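Please find below some notes for a colleague who has not seen this structure before. They are in numbered points and can be read beside the model.

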Amino acid sequence: MLKQITLAAIFALGLPTVIPAQTTRTTETDRALTRLGDLAPDAVRRRLSEMRPQVYQPGPVLLKVIINRKGLTVITGERVERLKAALQPVLAYHDRDGKLPIYLLRSEQPRAFVDYRAALIITTKLMLITSEAELRGIVAHELAHEYLWEERARAFSNRNESLLREIELFCDAVAAITLMEIGDDPAHFGKALERMTYIGITAGNSTRSETKTHPSLDARVKLNRWLCRRLSSAILQKGVG
Ligand SMILES: [Zn+2]
(Lines give C-alpha, C1' and ligand atoms only; values in the text may rest on other atoms or scores of the structure.)
Protein backbone atom coordinates (compact mmCIF):
# COMPACT_ATOMS: atom_id res chain seq x y z
CA MET A 1 0.00 0.00 0.00
CA LEU A 2 2.75 2.41 1.04
CA LYS A 3 4.62 1.56 -2.15
CA GLN A 4 1.51 2.33 -4.21
CA ILE A 5 1.08 5.68 -2.50
CA THR A 6 4.76 6.53 -3.08
CA LEU A 7 4.53 5.55 -6.73
CA ALA A 8 1.32 7.55 -7.14
CA ALA A 9 3.09 10.57 -5.61
CA ILE A 10 6.03 10.16 -8.01
CA PHE A 11 3.74 10.00 -11.03
CA ALA A 12 1.78 12.98 -9.77
CA LEU A 13 4.98 15.01 -9.54
CA GLY A 14 5.78 14.17 -13.13
CA LEU A 15 9.09 12.46 -12.30
CA PRO A 16 10.46 9.71 -14.60
CA THR A 17 7.89 7.00 -15.07
CA VAL A 18 10.42 4.22 -15.63
CA ILE A 19 11.06 2.64 -12.26
CA PRO A 20 14.01 0.23 -12.06
CA ALA A 21 12.74 -3.33 -11.59
CA GLN A 22 14.48 -3.83 -8.25
CA THR A 23 12.57 -0.99 -6.60
CA THR A 24 9.20 -2.46 -7.44
CA ARG A 25 9.83 -6.18 -7.25
CA THR A 26 12.11 -8.20 -5.04
CA THR A 27 13.04 -11.63 -6.29
CA GLU A 28 12.95 -14.78 -4.19
CA THR A 29 16.75 -14.88 -4.42
CA ASP A 30 17.08 -11.29 -3.18
CA ARG A 31 14.78 -11.97 -0.27
CA ALA A 32 16.67 -15.15 0.62
CA LEU A 33 20.00 -13.32 0.64
CA THR A 34 18.64 -10.39 2.65
CA ARG A 35 18.19 -12.83 5.53
CA LEU A 36 21.98 -13.23 5.63
CA GLY A 37 22.89 -9.54 5.68
CA ASP A 38 26.03 -8.50 3.81
CA LEU A 39 27.31 -12.11 3.72
CA ALA A 40 30.41 -11.33 5.79
CA PRO A 41 31.38 -14.69 7.37
CA ASP A 42 31.44 -13.41 10.97
CA ALA A 43 28.10 -11.66 10.58
CA VAL A 44 26.56 -14.77 9.01
CA ARG A 45 27.83 -16.91 11.91
CA ARG A 46 26.29 -14.48 14.40
CA ARG A 47 23.03 -14.32 12.52
CA LEU A 48 22.74 -18.10 12.24
CA SER A 49 23.47 -18.58 15.91
CA GLU A 50 20.66 -16.11 16.72
CA MET A 51 18.27 -17.98 14.42
CA ARG A 52 19.32 -21.46 15.54
CA PRO A 53 16.58 -23.36 17.33
CA GLN A 54 17.27 -25.47 20.40
CA VAL A 55 18.36 -29.01 19.66
CA TYR A 56 15.32 -31.24 19.37
CA GLN A 57 16.06 -34.55 20.96
CA PRO A 58 13.14 -36.90 20.57
CA GLY A 59 13.02 -40.25 22.26
CA PRO A 60 14.07 -43.41 20.47
CA VAL A 61 10.38 -44.13 19.88
CA LEU A 62 10.00 -41.23 17.43
CA LEU A 63 13.16 -42.20 15.60
CA LYS A 64 11.83 -45.73 15.23
CA VAL A 65 8.57 -44.39 13.83
CA ILE A 66 10.48 -42.33 11.28
CA ILE A 67 12.55 -45.28 10.10
CA ASN A 68 9.55 -47.63 9.92
CA ARG A 69 7.48 -45.06 8.04
CA LYS A 70 10.17 -44.76 5.38
CA GLY A 71 10.26 -48.55 5.12
CA LEU A 72 13.94 -48.46 4.32
CA THR A 73 16.88 -50.46 5.59
CA VAL A 74 19.25 -48.78 8.02
CA ILE A 75 22.87 -49.41 7.16
CA THR A 76 25.39 -49.78 9.96
CA GLY A 77 29.11 -50.40 10.13
CA GLU A 78 32.25 -48.85 8.76
CA ARG A 79 30.53 -47.01 5.88
CA VAL A 80 28.42 -45.08 8.34
CA GLU A 81 31.43 -44.22 10.46
CA ARG A 82 33.18 -42.86 7.35
CA LEU A 83 30.08 -40.86 6.51
CA LYS A 84 29.92 -39.37 9.99
CA ALA A 85 33.60 -38.42 9.89
CA ALA A 86 33.14 -36.74 6.49
CA LEU A 87 30.17 -34.72 7.72
CA GLN A 88 31.63 -33.70 11.08
CA PRO A 89 32.83 -30.20 9.99
CA VAL A 90 29.37 -29.31 8.66
CA LEU A 91 27.62 -30.52 11.79
CA ALA A 92 30.13 -28.64 13.94
CA TYR A 93 29.63 -25.40 11.98
CA HIS A 94 25.88 -25.64 12.64
CA ASP A 95 26.34 -26.73 16.26
CA ARG A 96 24.82 -30.15 15.58
CA ASP A 97 27.92 -32.31 16.07
CA GLY A 98 26.91 -35.26 18.25
CA LYS A 99 23.44 -33.72 18.63
CA LEU A 100 21.69 -35.01 15.53
CA PRO A 101 21.61 -38.77 14.85
CA ILE A 102 22.71 -39.72 11.33
CA TYR A 103 21.10 -42.61 9.48
CA LEU A 104 22.24 -44.13 6.23
CA LEU A 105 19.31 -45.73 4.46
CA ARG A 106 19.37 -48.10 1.53
CA SER A 107 17.54 -46.40 -1.33
CA GLU A 108 17.85 -45.86 -5.08
CA GLN A 109 16.73 -42.23 -4.63
CA PRO A 110 19.60 -39.76 -4.16
CA ARG A 111 18.25 -37.94 -1.13
CA ALA A 112 19.16 -36.31 2.18
CA PHE A 113 16.78 -34.75 4.66
CA VAL A 114 16.34 -33.81 8.28
CA ASP A 115 13.15 -35.53 9.39
CA TYR A 116 11.09 -33.89 12.14
CA ARG A 117 14.31 -32.17 13.25
CA ALA A 118 15.00 -35.57 14.82
CA ALA A 119 17.53 -37.21 12.52
CA LEU A 120 19.65 -36.55 9.47
CA ILE A 121 18.85 -39.17 6.86
CA ILE A 122 21.06 -39.88 3.87
CA THR A 123 20.51 -42.51 1.22
CA THR A 124 23.08 -44.94 -0.13
CA LYS A 125 22.41 -43.63 -3.65
CA LEU A 126 23.30 -40.09 -2.63
CA MET A 127 26.51 -41.33 -1.02
CA LEU A 128 27.32 -43.18 -4.22
CA ILE A 129 26.87 -40.26 -6.61
CA THR A 130 28.52 -37.47 -4.61
CA SER A 131 32.05 -36.72 -3.46
CA GLU A 132 32.51 -36.06 0.25
CA ALA A 133 32.71 -32.30 -0.31
CA GLU A 134 29.51 -32.37 -2.39
CA LEU A 135 27.78 -34.39 0.29
CA ARG A 136 28.85 -31.82 2.87
CA GLY A 137 27.18 -29.14 0.74
CA ILE A 138 23.94 -31.10 0.48
CA VAL A 139 23.92 -31.77 4.22
CA ALA A 140 24.61 -28.09 4.95
CA HIS A 141 21.51 -27.24 2.89
CA GLU A 142 19.46 -29.73 4.91
CA LEU A 143 20.74 -28.41 8.24
CA ALA A 144 19.92 -24.87 7.09
CA HIS A 145 16.25 -25.87 6.98
CA GLU A 146 16.27 -26.01 10.77
CA TYR A 147 16.76 -22.22 10.95
CA LEU A 148 13.45 -21.58 9.19
CA TRP A 149 11.62 -24.72 10.30
CA GLU A 150 8.54 -23.03 11.76
CA GLU A 151 8.31 -20.46 8.99
CA ARG A 152 8.44 -23.23 6.40
CA ALA A 153 5.73 -25.20 8.18
CA ARG A 154 3.52 -22.08 8.11
CA ALA A 155 4.36 -21.47 4.44
CA PHE A 156 3.23 -25.03 3.67
CA SER A 157 -0.05 -24.63 5.50
CA ASN A 158 -0.69 -21.21 3.91
CA ARG A 159 0.37 -22.55 0.50
CA ASN A 160 2.82 -19.66 0.23
CA GLU A 161 4.76 -21.09 -2.70
CA SER A 162 7.01 -18.10 -3.21
CA LEU A 163 8.11 -18.22 0.44
CA LEU A 164 8.81 -21.96 0.15
CA ARG A 165 11.11 -21.30 -2.83
CA GLU A 166 12.74 -18.39 -1.01
CA ILE A 167 13.51 -20.71 1.92
CA GLU A 168 15.14 -23.22 -0.45
CA LEU A 169 17.34 -20.43 -1.83
CA PHE A 170 18.24 -19.36 1.72
CA CYS A 171 19.33 -22.97 2.43
CA ASP A 172 21.32 -23.00 -0.83
CA ALA A 173 23.12 -19.82 0.23
CA VAL A 174 23.85 -21.23 3.69
CA ALA A 175 25.21 -24.40 2.03
CA ALA A 176 27.69 -22.40 -0.07
CA ILE A 177 28.76 -20.28 2.89
CA THR A 178 29.18 -23.38 5.08
CA LEU A 179 31.46 -25.02 2.49
CA MET A 180 33.61 -21.92 2.28
CA GLU A 181 33.81 -21.66 6.07
CA ILE A 182 34.95 -25.26 6.51
CA GLY A 183 37.55 -24.98 3.73
CA ASP A 184 35.69 -26.62 0.84
CA ASP A 185 34.97 -25.02 -2.50
CA PRO A 186 31.35 -23.68 -2.44
CA ALA A 187 31.02 -24.73 -6.10
CA HIS A 188 30.74 -28.35 -4.91
CA PHE A 189 27.21 -27.62 -3.79
CA GLY A 190 26.15 -26.39 -7.24
CA LYS A 191 27.68 -29.45 -8.90
CA ALA A 192 25.91 -31.82 -6.51
CA LEU A 193 22.60 -30.02 -7.08
CA GLU A 194 22.90 -30.45 -10.84
CA ARG A 195 23.77 -34.12 -10.57
CA MET A 196 21.00 -34.86 -8.08
CA THR A 197 18.48 -33.11 -10.30
CA TYR A 198 19.50 -34.95 -13.48
CA ILE A 199 19.49 -38.33 -11.74
CA GLY A 200 16.13 -37.42 -10.20
CA ILE A 201 14.74 -36.55 -13.64
CA THR A 202 15.84 -39.95 -14.95
CA ALA A 203 14.13 -41.56 -11.97
CA GLY A 204 10.99 -39.56 -12.75
CA ASN A 205 10.92 -37.64 -9.46
CA SER A 206 12.56 -34.33 -10.29
CA THR A 207 12.36 -31.42 -12.68
CA ARG A 208 14.67 -28.64 -13.87
CA SER A 209 11.79 -26.18 -13.82
CA GLU A 210 10.42 -24.26 -10.88
CA THR A 211 7.87 -26.16 -8.79
CA LYS A 212 5.48 -25.07 -6.04
CA THR A 213 8.12 -25.79 -3.42
CA HIS A 214 11.47 -25.45 -5.23
CA PRO A 215 13.13 -22.89 -7.50
CA SER A 216 14.31 -23.94 -10.95
CA LEU A 217 17.70 -25.63 -11.18
CA ASP A 218 18.92 -22.66 -13.23
CA ALA A 219 18.01 -20.19 -10.47
CA ARG A 220 19.76 -22.32 -7.87
CA VAL A 221 22.92 -22.82 -9.93
CA LYS A 222 22.98 -19.12 -10.79
CA LEU A 223 22.86 -18.24 -7.09
CA ASN A 224 25.64 -20.75 -6.34
CA ARG A 225 27.87 -19.27 -9.06
CA TRP A 226 27.19 -15.74 -7.86
CA LEU A 227 28.05 -16.73 -4.28
CA CYS A 228 31.24 -18.50 -5.41
CA ARG A 229 32.43 -15.26 -7.03
CA ARG A 230 31.26 -13.12 -4.13
CA LEU A 231 32.77 -15.34 -1.43
CA SER A 232 36.11 -15.74 -3.20
CA SER A 233 36.46 -11.97 -3.63
CA ALA A 234 35.63 -11.54 0.10
CA ILE A 235 38.45 -13.97 0.95
CA LEU A 236 40.84 -12.04 -1.30
CA GLN A 237 39.91 -8.74 0.33
CA LYS A 238 40.37 -10.29 3.76
CA GLY A 239 43.77 -11.58 2.71
CA VAL A 240 44.89 -8.22 1.39
CA GLY A 241 43.62 -6.37 4.49
ZN1 LIG B 1 15.66 -27.87 0.87
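1. A contact between two helices comes first. On the helix 9 side, Glu151, Arg152, Ala155 and Phe156 take part, and they meet Leu163, Leu164 and Ile167 of helix 10. By class, the residues of this contact comprise 5 nonpolar, no polar and 2 charged. The model is a predicted one.

2. The geometry of this pair can be stated briefly. Two packed helices are described by the angle between their axes and the distance between the axes. Here helix 9 (residues 149–157) and helix 10 (residues 161–181) have axes that come within 8 Å and cross at roughly 150°. Angles over 145 degrees count as roughly antiparallel, and helix 9 is therefore roughly antiparallel to helix 10. The crossing of the two is left-handed.

3. As for the whole protein, it contains 12 helices and 4 strands. There are 241 residues, of which 30% count as buried. Taking contacts between residues at least 6 apart in sequence, 66% join residues at least 24 apart.

4. What is the strand order of the open sheet? The sheet has 4 strands in the order 1-2-4-3, and the pairing is mixed. Strand 1 (73–75) and strand 3 (112–115) are at the edges; each has a single partner strand, so one side of each has no neighbour in the sheet. On average, neighbouring strands are turned by 35° against each other, direction ignored.

5. Helices also pack against this sheet. Helix 6 (residues 78–93) touches strand 1, strand 2 (102–106) and strand 4, and its direction makes about 130° with that of strand 2. Helix 8 (residues 132–144) lies across strand 3 and strand 4, and runs at about 25° to strand 3.

6. Strand 3 and strand 4 deserve a separate point. Strand 4 covers residues 119–123 and runs antiparallel to strand 3, with 4 bridges joining the two.

7. Strand 3 and strand 4 form a hairpin, with 3 residues between them. Tyr116 lies in the loop between these strands and has a positive phi near 50°, although Tyr116 is a residue other than glycine. Is Tyr116 buried, exposed or partly exposed? With 13 C-beta neighbours inside 10 Å, Tyr116 counts as partly exposed, because that class lies between 12 or fewer for exposed and 20 or more for buried.

8. Most residues other than glycine have a negative phi. Leu39 is not a glycine, yet has a positive phi of about 70°. Where does Leu39 lie? Leu39 is in the loop between helix 3 (28–34) and helix 4 (41–51). Leu39 has 15 other C-beta atoms within 10 Å and is therefore partly exposed.

Key:
Residues numbered from 1 in each chain as written. Predicted model: local features only at pLDDT ≥ 70, side-chain atom pairs only at ≥ 80, totals over all residues. Pairing = 2+ DSSP bridges. Axes fitted to C-alpha atoms, helices over the stretch in contact; angles between N-to-C directions. Contact = placed C-beta atoms within 7 Å. Parallel < 35°, antiparallel > 145°, perpendicular 65-115°, else oblique. Left-handed = near helix turned anticlockwise from the far one by under 90°. Nonpolar A, V, L, I, M, F, W, Y, C, P; charged D, E, K, R; others polar.
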